[in-house]
Amino acid sequence: MEAIRAPRGTKDIMPEESWKWAYVLKVCRDVADDFGYREVQLPIFEHTELFCRGIGDTTDVVEKEMYTFTDRGGRSITLRPELTASMVRAYLEHDLRNQTQPVKLWSAGPMFRYERPQKGRYRQFWQVDVEALGVQDPLVDLEVIGLSLELYRRLGLSNLEVVLNSVGCPKCRPEHRKALTDYLMPRLEQLCETCQGRFSRNPLRILDCKNPSCKELTEEAPAMTDHLCDECREHFDALLRGLDAVGAKVSLDKRLVRGLDYYTKTAYEILSGDLGAQNAVCGGGRYDHLAEAIGGPFVPGVGFASGIERIVITMESQGCSFGEAPNCQVFLVSADQDLEVRLAVAGVLKELRSLGVRADMDYSGKSFKAQMKLASQKDVPWVCIIGRSELEKSVAAIKDMGRGNQEEAPLSTVAEVIFRKIAGEVR
Ligand code: HAM
């Protein structure tokens, strides 16, 4: 029988990598705390309707990428492809309008999209997601962009490119749509098949097509930023001034559209050249009408999400530090294999662990020599050795693996002695 493997597009995060993830998520938490964003944990599955109405029926995510199934109660359920719609749903469901605005929330967890897997693109992937709900102030857009930049600064990432656009609002978009379709109409037959389909349903997305000939054809297409209404223009100008004031380097990209329909005004992405084709490490923007689209009142919002896998890939290729791996600090070695000796070792192990020292012993019946070899393979700084002769004298040997010297301590206090050595690095 053939062994069962993980589904295509999923990725096991094994111990060699999981500590890096823990580090990235810890930095995400620290930055969110520092900016006053509070954590929420939301369901991994939601009613399908939430995403159809929230993200938009004609988006790739909703049309082609959702993991949707009927549950045993006959409901249509979807594994979340993103968090923003769920965040807004939770805001409405918990009446957060009654709190001081903006309500600032963050979360991290797995998302699911049926996409063609490639480097940095998976069918199950993690996002850290940050949202500020309830106000339209462009300074909140500035804060959200600033939060993403601070996150990457703390993680040590460099050479990132911030691209920014304004995608307008329902007031100014029809005028731009008209100008765009007028421009595209005579070129329709030269566009790729997907863009021809987009022409009547969602022409704005044509600007975002990666097909080189579509790119060329839309080079001179009317830009949304040339058709903004006064409100959107003012918002965009204030944001640009703010970004300038905080010294954030951004490039304007009039073709940046984003793949989700809820965006209004601000849309941005942060790109990394170390990622290959899937170069967006972060995407976000403002979505002032999402709450209404899912049946709520007017609740403006702005936020971003960043893929954890893409952060880790970029950090690895840029040689960033992930802090210190939680390596074993003391390895306990039984110099003899009888039960009494091993129980004494297990006793010291328990004491060390209750003092918060990362300690371990061998359970596979290795010889003394093999245990010592294992300790040096693990690069453990301290080894504690107990054998029959030590037990008879009620002592244990402590070996400093860095210097190679060895000393004895009473068995009753050896855990304490090792603990102090580690705490103060007393050698
Ligand atoms: P998004 O651009 O679809 O936006 O995804 C945000 C980030 O998630 C991407 O920049 C990328 O780092 C990561 N990502 C997306 N798809 C995949 C995938 N298949 N494999 C690996 N990583 C992926 C959103 O999801 C919006 N909800 C962001 C947002 C929050 N806008 C406002 N608030």
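## Y262

Y262 has a relative accessible area of 6% and is therefore buried, a word used for values under 20%, with exposed over 50% and partly exposed in between (1.4 Å probe, protein chains only). The model is predicted, so local features need pLDDT of at least 70 and side-chain atom pairs pLDDT 80 or more, while totals for chains, interfaces and linings use all residues. Residues are numbered from 1 along each chain as its sequence is written, and side-chain values use heavy atoms, without hydrogens and water.

Y262 is placed in the loop between β8 (250-252) and β9 (264-272), strands being DSSP runs of E with at least two residues, numbered from the N terminus. Beyond residues up to four places away in sequence, Y262 touches G54, I55, E82, T84, R286, Y287, D288 and L290, where contact means heavy atoms within 4.5 Å. With the side chain of E82, the side chain of Y262 makes a polar contact of 2.4 Å (N or O atoms within 3.5 Å, one able to donate a hydrogen and the other to accept it; residues adjacent in sequence count only if both atoms are side-chain atoms).

## R113

R113 lies in the loop between β5 (103-112) and β6 (124-133), and R113 counts as buried because its relative accessibility is 15%. Apart from neighbours within four places in sequence, the contacts of R113 include P81, E82 and Q127. A polar atom of the R113 side chain lies 2.8 Å from the backbone oxygen of P81.

## Annotation

The unreviewed UniProt entry places the feature "binding site" at positions including E82, T84, R113, Q127 and Y262; such annotations, given in the numbering used here with shortened feature names, may be inferred rather than shown by experiment.

How values were computed. Helix = DSSP H or I, 4+ residues; strand = E, 2+ residues; numbered from the N terminus.
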